[in-house]
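Thanks for coming. I will go through one structure today, starting at the surface and then moving to the aromatic rings and the backbone.

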Amino acid sequence: VYTATLSHEVDVTTEVSFAAMDGTATFGSDYTALPSTISPTTTGTQINVSIIPDEVVELDETLTATLSSISAQGRDVVFAGGQPVLPVLGTIRNDDLTRLTINDVILDEGNTGVTNFVFNVQSASAVDVPYSVDFATVLNTAGVDDLTEQSGTLNFTGSASESMSITVPVLGDTIVEDDETFAIALSNFQASGRDVGPDSRP
């Protein structure tokens with residue numbers, strides 16, 4: 001919402017042309033419903049710019065609202081500072097985020113060979129750019145003789161509900177022992193400033 005205000009009363013109706021110019025925001029997909037002419041008053045006239053909501057994780061976006069072409073039937077009405085046009089910046093704040101979740105896996109290790117533990121890393125929301133995250137196994141009570149450690153980078157395209165998998169080979173044995181655990185650590189989120197991060201679960 002913009003507010004146009006006259007500093008003094010004018011004895012006739014004053015009209016001003018109003019227009020908006022795309023910055024990083026785009027008319028029709030990020031905002032709409034702009035008036036073309038307004039009549040400012042000393043108490044302020046509101047100009048409503050309707051923001052189109054979405055669920056895409058993105059950066060804040062900008063547009064420029066411009067007042068021009070004052071019509072006051074010859075009265076001496078000018079823009080502040082004597083400018084021929086009056087541009088005002090508007091910012092649409094992104095209020096979306098995505099958190100990557102990863103599932104728990106509980107399987108028998110087997111007596112011989114390899115059992116693959118497959119972890120799915122999923123993002124619920126769309127992101128307007130590709131992004132990546134590094135992963136690595138973290139040993140807990142399981143040791144290097146229980147599994148083949150894995151590390152690497154997952155590259156997401158930015159689609160909603162996108163899922164990628166991490167496979168950890170667990171080595172079978174016949175030793176009588178307690179259940180053993182390991183974890184997958186996600187780090188180094190690279191999303192060009194977008195609000196992408198790990199699940200908040202402990």
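On the surface, Asp108, Asp145, Glu177, Asp178, Asp179 and Glu180 come together as a patch of negative charge. This is a predicted model, in which local features need pLDDT of at least 70 and side-chain atom pairs count only at pLDDT 80 or more, while totals for chains, interfaces and linings use all residues. Residues are numbered from 1 along each chain as its sequence is written, and side-chain values use heavy atoms, with hydrogens and water left out.

A patch here is made of residues with over 30% relative accessible area and no salt bridge; like charges are joined within 9 Å, and nonpolar side chains (Val, Leu, Ile, Met, Phe, Trp, Tyr) within 5 Å. A salt bridge is a side-chain nitrogen of Lys or Arg within 4 Å of a carboxyl oxygen of Asp or Glu. Glu180 sits in the loop between strand 13 (162-171) and strand 14 (182-190); strands are DSSP runs of E, at least two residues, numbered from the N terminus. Glu180 is partly exposed, at a relative accessible area of 30%. For that term, buried is under 20% relative accessible area, exposed is over 50%, and partly exposed is in between, with a 1.4 Å probe and protein chains only.

Now the rings. How many aromatic pairs does a search of the whole structure find? The search finds five. Rings of Phe, Tyr and Trp (its six-membered ring) pair if their centres lie within 6.5 Å; planes under 30 degrees apart are stacked, over 60 edge-to-face, and the rest tilted.

One of the pairs is Tyr2 with Phe18, which is tilted, with 6.2 Å centre to centre and 55° between the planes. Tyr2 is in strand 1 (residues 2-4) and Phe18 in strand 2 (residues 15-22), so the pair ties together parts 16 residues apart in sequence. Tyr2 is buried at 14% relative accessibility, and Phe18 is buried at 5%.

Phe119 and Phe182 make an edge-to-face pair, 5.8 Å centre to centre with 75° between the planes. This pair links distant parts of the chain, with Phe119 in strand 10 (residues 114-123) and Phe182 in strand 14, 63 residues apart. Both Phe119 and Phe182 are buried. Ring pairs also bring in Phe117, giving a cluster of Phe117, Phe119 and Phe182.

Last, the backbone. Gln73 is not a glycine, yet its phi is positive, near 50°. Gln73 lies in the loop between strand 7 (61-71) and strand 8 (86-92), and is exposed at 59% relative accessibility. Ser161, also not a glycine, has a positive phi of about 60°. Ser161 is in the loop between strand 12 (151-156) and strand 13, and is partly exposed at 47%.

Note on methods. Areas by Shrake-Rupley, 256 points an atom, 1.4 Å probe, with all protein chains shown as cover. Lys, Arg positive; Asp, Glu negative; His and termini not counted. Charge placed at Lys NZ, Arg CZ, Asp CG, Glu CD. Helix = DSSP H or I, 4+ residues; strand = E, 2+ residues; numbered from the N terminus.
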